[in-house]
Amino acid sequence: MIRLILGGDKSGKSAHALELFLAAPPPLRVAAMGLALDFAFREQIAVHRRERPPEIPVTEPGLELPRFLDAARAQDGTILVDSLDFWLFSCAGAGVADEKVQALLETLAGYVGPDAPECILVSVEAGLGPLAADAASRNFLRRLAALNQAVAALAADARLVVAGLPIRLKGA
């Protein structure tokens, strides 16, 4: 089962996703996607790591997220991916966004259905901020919006987090 947790920057989406993750059946595995480009972001990643229980393994598959999720699907347990926006940013920077997004969506199709393991995916909702001033940023936001929409279509549960409060968009 796929759960998609969306929200703006610093909306509380990661905290809500972690809450869902810790309530899920073990074993629990985290796939972290943060690419620290500056000191402030390195600190944000460190805070996220400190908030997670130390006994939960964290994997940083980078561009190989589809391969990681494909292999993890064969195992039992719950996976938290935080976050798709940073993964897409990394893929775009490496010039492989289109092929990696296609591979991710094909892999996620295997997480659909009642017997599928749980995969919780976190992403920034692209439409919440002001229109980007430059073409590269607008292009990235459009790619992210398309990715979020495609994942939402596969998800059994989709939520938008605003001011730390989750709003159910899809699912029971």
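Reader: Is Ser83 buried or exposed in this model?

Author: Happy to start there. Buried means under 20% relative accessible area. In this predicted model, Ser83 has 4% relative accessibility, so Ser83 counts as buried.

Reader: Where is Ser83 found, and which side chain does the side chain of Ser83 make a polar contact with?

Author: Ser83 sits in the loop between β4 (78-82) and α4 (84-93). Its side chain makes a polar contact with the side chain of Asp85, at 2.7 Å.

Reader: Thanks! Now to helices: how are two packed helices described?

Author: By the angle between their axes and the distance between the axes. Take helix α3 (residues 65-73) and helix α5 (residues 97-108): their axes come within 8 Å and cross at roughly 15 degrees. Angles under 35 degrees count as roughly parallel, so α3 is roughly parallel to α5. The crossing of α3 past α5 is left-handed.

Reader: Which residues in α3 and α5 meet?

Author: On the α3 side they are Leu65, Pro66, Leu69, Asp70 and Arg73, and these meet Lys100, Ala103, Leu104, Thr107 and Leu108 in α5. Sorted by class, this contact of α3 with α5 has six nonpolar, one polar and three charged residues.

Conventions. Residues are numbered from 1 along each chain as its sequence is written. This is a predicted model: local features need pLDDT of at least 70, side-chain atom pairs count only at pLDDT 80 or more; totals for chains, interfaces and linings use all residues. Side-chain values use heavy atoms; hydrogens and water are left out. Helices (H or I, at least four residues) and strands (E, at least two) are DSSP runs, numbered from the N terminus. Buried means under 20% relative accessible area, exposed over 50%, partly exposed in between (1.4 Å probe, protein chains only). A polar contact is a pair of N or O atoms within 3.5 Å; within protein, one must be able to donate a hydrogen and the other to accept it, and residues adjacent in sequence count only if both atoms are side-chain atoms. Axes are lines fitted to C-alpha atoms, for helices over the stretch in contact, and angles run from 0 to 180 degrees between N-to-C directions. Angles under 35 degrees count as roughly parallel, over 145 as roughly antiparallel, 65 to 115 as roughly perpendicular and the rest as oblique. A crossing is left-handed if the near helix is turned anticlockwise from the far one by less than a right angle, and right-handed if clockwise. Contact means heavy atoms within 4.5 Å. Ala, Val, Leu, Ile, Met, Phe, Trp, Tyr, Cys and Pro count as nonpolar, Asp, Glu, Lys and Arg as charged, and the others, Gly among them, as polar.
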